[in-house]
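Hello,

Here is the structure you were going to look at. My notes follow below it.

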Amino acid sequence: MYSQFVRSCRGVSAVIENTGHCAFVLKRLKATAATSMSVNPYSDPEIKDFLSKVQEIIVNDVLRDGIDGDKVIDFQQPAKLQELMQLPIGRDPEPTQELLDHCRRVVKYSVKTANPRFYNQLYSGVNPHSLAGAWMTDALNTNIHTYEVCPVFVVMEKYLMQKICGIIGYPNGDGVMCPGGSFSNILANHLARYKRCPEVKTKGMTGVPKMKIFTSNEAHYSLQKSASFLGFGTDSLVSVETDEKGKMRVDDLENKIKVTEGEGSIPLFVMATSGTTVLGAYDDLPAIADVCEKHGVWMHVDGAWGGGVLLTDQYKHLMAGVERSHSVAWNFHKMSGIQLQCSVLVVQEKGLLEKCNRGNAEYLFQQDKNYDPTFDIGDKTIQCGRKVDAMKLWLAWKAMGDKGMADRVIRAFDNSRYLAQRLRETEGFRLIMPEFECTNVGFWYIPPSLRGQEETPEWWQKVGKVAPKIKQRMMENGSMMIGYTPLSVKGFVNFFRIIITNSLQDSAEMDRVLEEIEKLGKDL
């Protein structure tokens with residue numbers, strides 16, 4: 001085979017000999033032939049040494065120093081970062097040492113999300129067993145659509161879906177791992193439409209009545225994207241009012257469903273939320289289920305953030321009634337600390353995923369294979385190619401057991417309760433509401449210059465500028481990352497929204513939050 005390739009190289013050289021590059025091209029082609037056709041690169045000492053050094057960078061720089069270090073981020077403005085990262089790719093390969101230097105720069109200027117002082121998003125920390133599962137998955141580099149190319153991970157994902165269905169209370173349920181919680185919510189909306197009007201699969205939206213979808217005004221914005229993406233139109237999304245705790249008002253839901261029915265439209269889909277993004281509120285699932293059952297509406301629960309409470313005895317009451325829903329979204333990369341991304345959609349009705357999404361690709365899903373074709377799970381989703389996400393969850397769950405998974409959630413709740421109490425007791429800090437159901441904690445910092453003043457609209461405007469300024473200082477010195485947001489539906493100006501989920505966080509880290517904000521904001 002190599003000799004045939006070299007003969008072809010000679011043919012190429014005859015064509016390009018007048019360019020002055022013949023010898024160079026022949027040398028590179030011969031080298032390519034020898035490398036790509038004869039040698040396993042992972043037997044090459046240079047490649048093995050490169051991978052070993054990359055592993056050292058990951059373990060030492062990203063994980064050890066990234067977790068224990070004082071800086072969460074070495075922040076640079078975009079123009080400067082593009083320059084520092086040396087992004088342009090040239091014609092010729094770069095030497096190994098330069099590639100390693102690139103890797104070190106990636107680490108230096110990336111956010112250290114495993115650091116216990118990273119509170120910015122609904123995820124934080126790196127579980128070592130989940131990381132090992134992710135490494136193993138990437139090394140095996142397969143596609144989870146058919147059993148023939150992905151046997152281990154297919155049976156692993158099917159097992160996990162059954163375990164999760166058992167936790168939720170779906171005795172005849174099924175599920176699929178999805179690329180994020182937004183996708184899970186959109187896929188649930190897609191299933192609901194098919195279940196109500198199967199002809200939409202062949203005739204499209206022109207063949208079905210006008211439909212409306214419902215969620216609270218504090219729910220995740222993915223349902224707005226779903227309305228647009230699936231062709232309902234964003235005008236078909238009905239916003240339901242929330243109470244002072246951020247929970248969906250069930251009376252308003254039923255009133256708006258009745259209005260929809262009176263207009264001759266179909267109330268198709270209600271998305272309840274278990275753990276809203278900002279306040280962490282848990283909607284009243286039994287009451288919502290009553291309304292949905294009464295009006296024949298698909299009930300979906302977005303538990304992407306707060307679903308982890310189902311693993312505990314202490315907090316699972318927050319999702320009482322979830323077994324009455326038709327579908328649930330749950331992101332294990334959030335409260336459970338599994339590597340991004342690790343999202344599941346589980347449904348009450350087994351087989352519905354395939355009925356809705358099956359494309360009958362005969363080159364993939366032949367029915368005369370030498371194994372049970374129901375283990376070809378690619379038609380559960382609208383995707384064809386799908387990354388394996390099962391092992392990073394399965395291996396971590398194996399390592400911790402049900403008890404360890406529950407303990408992690410309970411620890412986060414304990415820390416959030418401690419932080420809320422410290423904020424109540426400390427001058428200059430004010431909680432945005434008396435209690436929080438989840439591990440979100442929202443609060444204002446009021447610097448000395450604004451204390452003791454009449455709280456006029458102008459005063460609140462000034463308070464609203466405090467969190468962005470402190471966040472800027474945090475990022476510039478790299479000490480901590482906490483998100484801030486306004487909440488227009490409640491009339492709240494910018495406040496800090498801190499998310500407690502990292503298993504390395506403790507009461508000392510909670511105390512550090514107050515100290516850092518006071519240090520960075522006392523002169524404002």
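Which residue takes a positive phi just after helix 7? That residue is Gly 169, with a phi of about 105 degrees. Please keep in mind that this is a predicted model.

Helix 7 and what surrounds it

Helix 7 covers residues 151–168, which makes 18 residues. From its first C-alpha to its last it reaches 26 Å, close to the 26 Å expected at 1.5 Å a residue. Its buried residues are Phe 153, Val 154, Met 156, Glu 157, Leu 160, Met 161, Ile 164, Cys 165 and Ile 168. Residues three or four places apart in an α-helix point the same way, because there are 3.6 residues a turn. The cover over the buried residues of helix 7 includes helix 6, strand 2, strand 7, strand 8 and helix 14.

Strand 8

Strand 8 (residues 343–347) is largely enclosed by the rest of the structure, because five of its five residues are buried. In a regular strand the side chains alternate between the two faces of the sheet. Here both faces are covered: Ser 343, Leu 345 and Val 347 are buried on one side, and Val 344 and Val 346 on the other. Strand 8 pairs with strand 2 (residues 174–178) in the antiparallel sense, over five bridges; in this pairing Met 177 stands opposite Val 344. Strand 7 (residues 327–331) also runs antiparallel to strand 8 and is joined to it by five bridges, with Ala 329 as the bridge partner of Leu 345.

Nonpolar cores

The largest nonpolar core has 60 residues. The members that touch the most others are Ile 164, Ile 168, Leu 253, Val 270, Ile 288, Phe 332 and Leu 393. Helix 14 (residues 390–425) gives the most to this core, with nine residues. Leaving aside residues up to four places away in sequence, Leu 393 touches Leu 160, Met 177, Phe 332, Ile 338, Cys 342 and Met 405. Another core, of 36 residues, lies apart from the largest one, and its members include Leu 431, Tyr 445, Ile 446 and Met 510.

Helix 3

Helix 3 (residues 45–68) has 24 residues and reaches 32 Å from first C-alpha to last, close to the 34 Å expected at 1.5 Å a residue. At its start, a side-chain oxygen of Asp 44 comes to within 2.8 Å of the backbone nitrogen of Glu 46. The buried residues of helix 3 are Val 54, Ile 57, Leu 63, Gly 66 and Ile 67, and they pack against helix 5 and helix 6 (128–140).

Asn 115 sits in the loop between helix 5 (96–109) and strand 1 (118–119). Its relative accessibility is 0%, so Asn 115 counts as buried. The side chain of Asn 115 reaches the backbone oxygen of Gly 69 at 3.1 Å. Among the residues Asn 115 touches are Gly 66, Ile 67, Lys 71, Ser 124 and Asn 502.

Ser 479 is in the loop between helix 16 (466–477) and strand 11 (481–487). At 12% relative accessibility, Ser 479 is under the 20% cut-off and therefore counts as buried. Its side chain makes a polar contact of 2.6 Å with the side chain of Glu 516. Ser 479 also touches residues including Asp 70, Val 72 and Arg 117. The C-alpha atoms of Ser 479 and Asp 74 are separated by 9.3 Å, although the two residues are 405 residues apart along the chain.

Regards

Definitions and conventions: Residues numbered from 1 in each chain as written. Predicted model: local features only at pLDDT ≥ 70, side-chain atom pairs only at ≥ 80, totals over all residues. Heavy atoms only, no water. Helix = DSSP H or I, 4+ residues; strand = E, 2+ residues; numbered from the N terminus. Buried < 20%, exposed > 50% of the residue type's maximum accessible area, 1.4 Å probe, protein only. Polar contact = N/O pair within 3.5 Å; in protein donor to acceptor, adjacent residues only side chain to side chain. Contact = heavy atoms within 4.5 Å. Core = buried A, V, L, I, M, F, W, Y, C linked by side-chain atoms within 4.5 Å. Expected span 1.5 Å × (residues − 1). Pairing = 2+ DSSP bridges.
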